[in-house]
Amino acid sequence: MASGDYTMNKGDANGRATQKTTQDVTPDRAKWGRPLEFILACLGYAVGLGNVWRFPYLSYKNGGGAFLLPFFLMLIFIGLPIFYLELYIGQYTGLGPLKAFSAISPFFSGLGYCTLVVISIISIYYMIIVAWTLFYTIVSIGGNLGWGSCDNDYNTDFCYSGEYDRVCRENNTENYTDLTFFMRQCMSIGEICERSGFEPLDDKYCLDGNDQVPWYSNITRVLASEEYYNERVLGRGDASWTNWGTIQWHLVGCLFLSWVIAFLCVIKGVQSAGKVVYFTALFPYVMLTALLIRGVTLEGAVDGVLFYLTPTWSTLLEAKVWGDAASQIFYSFGVACGSLVTLASYNNFYNNCHFDAVFVAFANFLTSIYAGFAIFSVLGFQAQLMGVSVDDVAEQGPGLAFVAYPEAILQMPVPQLWSILFFFMLFILGLGSQFAGIEAINTAIVDQWPHLRKNYWRVTAFTCMMCFILGIPMCFSGGVYLLTLLDWNTASWAILLIGMAECVAVSWSYGINRAIKDLATMGMTLNKFLRFYWRAVWTVIVPFGSIGILAFIFSDWTAPAYEDYVFPLFADLLGWAVGLSTLVLFPVGVAWAIYHGYRGKQLFTPTPEWGPAVKAPPVESTQLGGPHDNGGYVM
């Protein structure tokens with residue numbers, strides 16, 4: 001814009017000078033209607049599918065209750081610090097991540113663009129999973145719980161269903177003559193032992209010489225729900241990286257509907273999303289509680305819960321356990337994606353985001369544990385019905401949400417009701433996590449072209465439509481391979497490096513003393529202990545701890561795979577290219593700064609655009625020594 005094309009106003013609502021063009025007036029930046037809306041938006045973003053299908057599995061796999069210790073420590077020293085750091089940057093500057101990181105230091109001008117690439121990729125593939133949950137919700141409402149049948153064309157001879165097995169076990173007497181469903185028929189445990197080359201013993205074991213072997217340990221049984229998920233929902237068939245298969249139109253339809261719903265929820269940005277989050281952030285807790293109450297009243301629930309919580313302290317000596325705890329923190333909190341900076345940039349300048357960060361972090365931690373009880377109580381019930389260990393039915397990720405749990409639901413009274421509740425809960429959790437990502441992309445666009453704010457709904461429509469189109473390849477038979485590849489290389493080591501760079505930008509480049517002073521400017525004057533804690537984590541623990549976690553990740557690195565299909569080399573290289581694409585704009589930003597004449601100390605000096613979103617002096621506060629509008633959270 002030429003210098004003669006605008007005049008200076010006295011200032012906007014935040015005290016900043018605003019530019020008025022001779023042709024147009026750029027609308028003011030929107031704000032959250034209430035402090036609680038921001039808290040719920042952060043809660044809805046942080047608490048998502050990972051709390052339900054990833055944390056419970058990681059917990060039992062890594063020592064049960066013992067895993068809570070490394071997970072809690074990672075929350076205190078990695079997750080919470082980055083979470084609060086991003087809220088501080090967004091609220092203090094009133095800017096999105098692109099402008100905020102460019103303003104804090106020219107050297108870090110590419111960092112905001114790195115977060116934009118990450119959140120764009122995650123938004124595209126994450127909505128595919130949301131579309132899966134919507135499909136299951138729709139068929140559940142229709143009463144067609146087809147994942148319990150072994151009579152479909154795509155079912156194999158190894159198909160197993162609890163519905164069929166229950167009929168076989170009706171007259172069992174706890175002997176090796178007891179029947180179970182195997183190879184599409186009711187077959188005795190003794191016959192299964194003999195087919196496996198063992199001698200029959202009783203209804204639980206075969207004899208291998210003098211050793212007792214569980215009768216099911218040497219046979220192949222595939223849950224009907226797994227074949228339904230792979231063949232009916234994904235249409236996987238014989239698809240591979242060289243044979244992408246056919247498009248699954250039911251997934252395209254569900255994906256389109258999911259994006260339409262998301263568009264309607266964020267059509268006016270934080271003004272509309274702020275109202276929707278009351279439902280998307282809170283209602284899943286109602287459904288999770290209902291599922292928990294139902295779960296703990298089932299036979300075998302105690303076995304599942306004990307399996308989930310019983311500590312194995314020796315696992316704490318394994319580096320992988322600490323690496324899994326750290327990766328789950330990044331996966332669950334959604335840090336280093338720019339979304340939290342974006343959400344906080346719409347805050348009142350004097351909002352107590354210190355309280356918000358601590359509250360959401362611990363709510364997230366407790367929700368993960370709470371969800372574990374709901375999940376494993378039902379898995380204990382399923383294991384008892386199948387006559388196997390909980391370990392044999394527990395899975396992670398989609399395997400838990402779309403295979404193990406749906407199979408268990410079929411064994412409950414009124415399965416349709418619980419199926420609707422479970423999948424609708426997953427849909428709402430996934431959808432709520434998407435709002436912040438959409439808002440981050442939108443903010444990046446309108447920050448570059450402020451005049452688009454007056455047609456914000458068109459920006460939202462453009463974002464949703466482009467993400468929908470880019471997600472269509474994952475609606476093919478082999479689409480799950482692409483989704484796995486993106487998740488494998490984006491939501492792991494890449495965001496770890498971005499989070500580390502954010503901490504370095506604030507604590508080392510900008511200066512930790514300045515940052516603490518900025519918090520006081522916003523009314524968050526911290527006591528001596530908290531000042532020491534935030535200085536320590538931002539300056540030392542997060543940057544150097546991230547390097548250690550990165551070493552854990554790469555020391556245990558495996559090539560991407562989906563179930564038993566290991567991806568070919570070119571797919572692995574593509575995954576690395578995707579991961580590097582999220583980081584490449586950082587050196588590009590450094591080169592841009594040098595090209596524009598920044599040298600030496602100037603590279604690490606804040607630009608004139610960095611500063612408080614409000615120039616007015618702080619008002620005295622009743623909590624934390626400064627002014628804020630949500631001492632606790634005020635309705």
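**Ground rules**

I number residues from 1 along each chain as its sequence is written, and side-chain values use heavy atoms, with hydrogens and water left out. Since I am working from a predicted model, local features need pLDDT of at least 70 and side-chain atom pairs count only at pLDDT 80 or more, while totals for chains, interfaces and linings use all residues.

**Entry 1: aromatic pairs**

I looked up the ring pairs and got 61 aromatic pairs in the structure. My cut-off: rings of Phe, Tyr and Trp (its six-membered ring) pair if their centres lie within 6.5 Å, with planes under 30 degrees apart called stacked, over 60 edge-to-face and the rest tilted.

I started with Tyr92 and Trp610, whose centres are 5.7 Å apart and whose planes are at 45°, so I wrote this pair down as tilted. Helices (H or I, at least four residues) and strands (E, at least two) are DSSP runs, numbered from the N terminus. Both Tyr92 and Trp610 are buried. For me, buried means under 20% relative accessible area, exposed over 50%, and partly exposed in between (1.4 Å probe, protein chains only).

Next I checked Trp241 and Phe567, an edge-to-face pair at 5.6 Å centre to centre with 75° between the planes. This pair also links distant parts of the chain, 326 residues apart. Trp241 is in the loop between α9 (224–233) and α10 (249–265), and Phe567 is in the loop between β11 (565–566) and α23 (569–581). Trp241 has a relative accessible area of 12%, so I count Trp241 as buried. Phe567 comes out at 5%, so Phe567 is buried too.

I also noted a cluster linked by ring pairs, which includes Trp53, Trp132, Tyr136, Tyr228 and Phe422.

**Entry 2: charges over rings**

I found the charged end of Arg54 over the ring of Tyr331, 4.6 Å from the ring centre. Arg221 lies over the face of Tyr160, with 4.4 Å to the ring centre. The test I used: NZ of Lys or CZ of Arg within 6 Å of the ring centre and within 35 degrees of the ring normal.

**Entry 3: cavities**

How many cavities of 30 Å³ or more does the structure hold? I got six. A cavity here is a set of points on a 1 Å grid over the protein atoms alone where a 1.4 Å probe fits but cannot get out, and lining residues have an atom within 4 Å of a point. Points are joined across faces, edges and corners, and a volume is the space filled by probe spheres set on them.

The largest cavity holds about 290 Å³ of space. I count 23 residues in its lining, and Tyr45, Ile122, Tyr126, Tyr331 and Gly334 lie nearest the centre. Elements giving two or more residues to this lining are α1 (35–46), α2 (49–53), α6 (111–141), α14 (319–333) and α18 (415–448). α6 gives the most, with six residues. The lining splits into 13 nonpolar, nine polar and one charged residues. My classes: Ala, Val, Leu, Ile, Met, Phe, Trp, Tyr, Cys and Pro are nonpolar, Asp, Glu, Lys and Arg charged, and the others, Gly among them, polar.

The second largest cavity has about 70 Å³ of space. Its lining includes Trp32, Tyr45, Val277, Phe435 and Glu439. α18 supplies the largest share, four residues. By class I logged nine nonpolar, one polar and one charged residues.

**Entry 4: helix α11**

α11 (270–280) supplies at least two residues of the second largest cavity's lining. Buried residues in α11 are Val270, Ser272, Ala273, Gly274, Val277 and Thr280. Their cover includes α1, α10, α12 (283–296) and α18.

**Entry 5: single residues**

Gly148 is in the loop between α6 and β3 (159–160) and is buried at 10% relative accessible area. Leaving aside neighbours within four places in sequence, Gly148 is in contact (heavy atoms within 4.5 Å) with Ser161, Glu163, Tyr164, Ala224 and Leu410.

Ala336 has a positive phi of about 65° although it is not a glycine. Buried or exposed, I asked of Ala336? Ala336 is buried, at 0% relative accessible area.

Val414 is not a glycine either, and has a positive phi of about 50°. Val414 is in the loop between α17 (398–409) and α18, and is exposed at 53%.

Note on methods:
1 Å grid on protein atoms, 1.4 Å probe; cavity = no way out; pocket = protein on both sides within 12 Å on 5 of 7 lines; lining within 4 Å.
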